[in-house]
Amino acid sequence: MFDTGPIFLIIGTLLATLGVAMMIPALVDLAAANDDWVVFAAASLVTTLVGLGLTQTGSGRPATLSSRQAVLMTVGAWTVLPAFAALPLLWSEAVGSYTDAFFEAMSGITTTGATVITGLDEMPPGILIWRSMLQWLGGLGVVVMAVSILPMLRVGGMQLFKTEAFDTPDKILPRATQISGSLIGVFSVFTFLCALAYAAAGMAFEDAVNHAMTTVATGGFSTRDNSIAAFDSGAVEMVAIVFMILGSLPFLLYVQALQGRPLSLVRDSQVHVFLILLALFSLVIAAVLDPLTAETGALADLRTATFNVVSVMTGTGYASADYGAWGPLAITVFLTLTLIGGCAGSTACGMKVFRVQVALKTVSQHVRRLAYPHGVFVMRYNGRAVEGSVVSAVMSFIFLYFVLIGLLAIALMAMNLDPLTAFSGAATAIANVGPGLGEVIGPKGNFSTLPDAAKWALSGAMLIGRLELFTVLVLILPRFWRS
């Protein structure tokens, strides 16, 4: 008989933790003499009680997970948490409906960064800190999931990153507990250093704390409607660039560096390609900007280009300019960056660089086999031979990735959205980037004017994209539910 106890235990614990976390914005609003503290306190009480109820349902059960339980736990947690995280957004009237509240919460927890809220500059501090906390908690959850859950489930080639700590599927919980402390430590230190750097760059304390959480989590929620552009500061943009990149590198490599293997980051093939692509595309966009902004100078153009390239490729979604108005080449580049994304095992989004690498190696190997039919070619990644199952998983993932974007874009166009908005909205939702292209959902707009049906569709796409597609879609297979 299928045991749901461990699933309820974990989801309940996460939900209770979320409920306790709601007291932080409650205290922030109370200190600011804002009446919304009551809303957060009430939401905290409801969420915590439901979470504790679920933990009791699963208490006394063995703390182990099979592959099927891991899938259900992962999908269940990433669905239930935004459902409750939306409550304070709705009850505080920061948004007008539960649809908007759920969209905002899902965007936060999946670190997508798409928003339906306007008037952020005048928003109560509790709401601002809650949105940032959602992305910070979601980013931390992404890292733990990418290190422990996804490699075990062999999702989309993620088994390439399976570590010795997770060789046995039913040991996933105790092993995850052992390593999660190190990940939380690294994540917290980066956030603290980022907040200090933002403050030193001229941000107010509240802005620095909020943006530090969303920068390291590569989430992109801001305290201003105009995002980072509102600060009009090169120093702020440089801080953001550094920490967006740090958040997009594999966090397990940071842990390994702390354990006495500092060359891990330097030797990783994925990191090399990621940084090369950032540099290359930054130069391309700077060249595009040069004739458009002749009065600003080459260095300013390079900074603007680098900031927006890093923001989009890491999936953060901050904006310092309306890059949708930079011409067809720029639009093509940013759509490409949206699809590629950052490194596996980080908070970054998109297909992930390693999948692009494996796909290109697969094509190269096929071409060589055509040229040398009797040759023996072994595909390697980071010095290790790549199994055929990994290649199959990666190619299947990439194929499904584009199919889902196409289907969602068609569905959005059926809701009377123009093709650019529909396609870029579908791509940014599944890639978890945030802003799209066009006047409606571009860097200077938001998703508030979209119909409710589109918001629910995009919310589902954010979930599917964050959980690497197959983790969610496997649930529709009858075989998955058989004993």
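This report describes the nonpolar core, salt bridges, cysteines, a surface patch and a few local sites of a predicted model.

In this predicted model, local features need pLDDT of at least 70 and side-chain atom pairs count only at pLDDT 80 or more, while totals for chains, interfaces and linings use all residues. Residues are numbered from 1 along each chain as its sequence is written, and side-chain values use heavy atoms, with hydrogens and water left out.

## Nonpolar core

A nonpolar core is taken here as a set of buried Ala, Val, Leu, Ile, Met, Phe, Trp, Tyr and Cys residues joined through side-chain atoms within 4.5 Å. Buried means under 20% relative accessible area, exposed means over 50%, and partly exposed lies in between, with a 1.4 Å probe and protein chains only. The largest such core has 158 residues, and the members that touch the most others are Leu-18, Trp-130, Tyr-198, Phe-334 and Tyr-401. Helix H6 (residues 125-153) supplies the largest share of this core, 17 residues. Helices (H or I, at least four residues) and strands (E, at least two) are DSSP runs, numbered from the N terminus.

Contact means heavy atoms within 4.5 Å. With neighbours within four places in sequence set aside, Tyr-401 is in contact with Thr-338, Leu-339, Gly-350, Met-351, Ile-430, Ala-431 and Leu-469.

Ser-148 is also found in helix H6, and it counts as buried because its relative accessibility is 2%. Its C-alpha atom is separated by 9.4 Å from that of Phe-161, which is 13 residues away along the chain.

## Salt bridges

A salt bridge is a side-chain nitrogen of Lys or Arg within 4 Å of a carboxyl oxygen of Asp or Glu. By this rule the model has 6 salt bridges.

| Pair | Distance (N to O) |
|---|---|
| Arg-224 and Asp-207 | 2.8 Å |
| Glu-468 and Lys-352 | 3.4 Å |
| Glu-468 and Arg-355 | 3.1 Å |

The bridge between Arg-224 and Asp-207 ties together parts that are 17 residues apart in sequence, because Arg-224 lies in the loop between helix H8 (205-216) and helix H9 (234-247), and Asp-207 in helix H8. Arg-224 is partly exposed at 24% relative accessibility, whereas Asp-207 is buried, with a relative accessible area of 10%.

Glu-468 takes part in a salt bridge with Lys-352, and this pair links distant parts of the chain, 116 residues apart. Glu-468 is in the loop between helix H18 (452-466) and helix H19 (470-473), and Lys-352 in the loop between helix H14 (328-340) and helix H15 (353-371). The relative accessible area of Glu-468 is 4%, so this residue is buried. Lys-352 is likewise buried, at 4% relative accessibility.

Glu-468 also meets Arg-355 in a salt bridge. Arg-355 lies in helix H15, so this second pair ties together parts that are 113 residues apart in sequence. Both Glu-468 and Arg-355 are buried. Through shared partners, salt bridges join Lys-352, Arg-355 and Glu-468 into one network.

## Cysteines

With a disulfide defined as a pair of cysteine sulfur atoms within 2.5 Å, the count is 0. Cys-343 is in no disulfide, and the cysteine sulfur nearest to its own, that of Cys-349, is 12 Å away. For Cys-349 the closest cysteine sulfur is in Cys-343, and the 12 Å separation is too far for a bond. Cys-343 is buried at 0% relative accessibility, and Cys-349 is buried at 1%.

## Surface patch

Leu-27, Leu-30, Trp-37 and Val-38 make a nonpolar surface patch of about 380 Å². Helix H2 (23-31) and helix H3 (37-58) are the elements that give two or more residues to this patch. Patches are made of residues with over 30% relative accessible area and no salt bridge, where like charges are joined within 9 Å and nonpolar side chains (Val, Leu, Ile, Met, Phe, Trp, Tyr) within 5 Å. Accessible areas come from the Shrake-Rupley method with a 1.4 Å probe, and for residues only the protein chains shown count as cover. Val-38 lies in helix H3 and is partly exposed, at 45% relative accessibility.

## Other helical sites

Helix H10 (residues 251-258) is mostly covered, with 6 of its 8 residues buried. The buried residues in H10 are Phe-251, Leu-252, Leu-253, Tyr-254, Val-255 and Gln-256.

Thr-304 lies in helix H13 (residues 298-313) and is buried at 18% relative accessibility. Leaving aside neighbours within four places in sequence, Thr-304 is in contact with Leu-289, Ser-320, Ala-321 and Trp-326.
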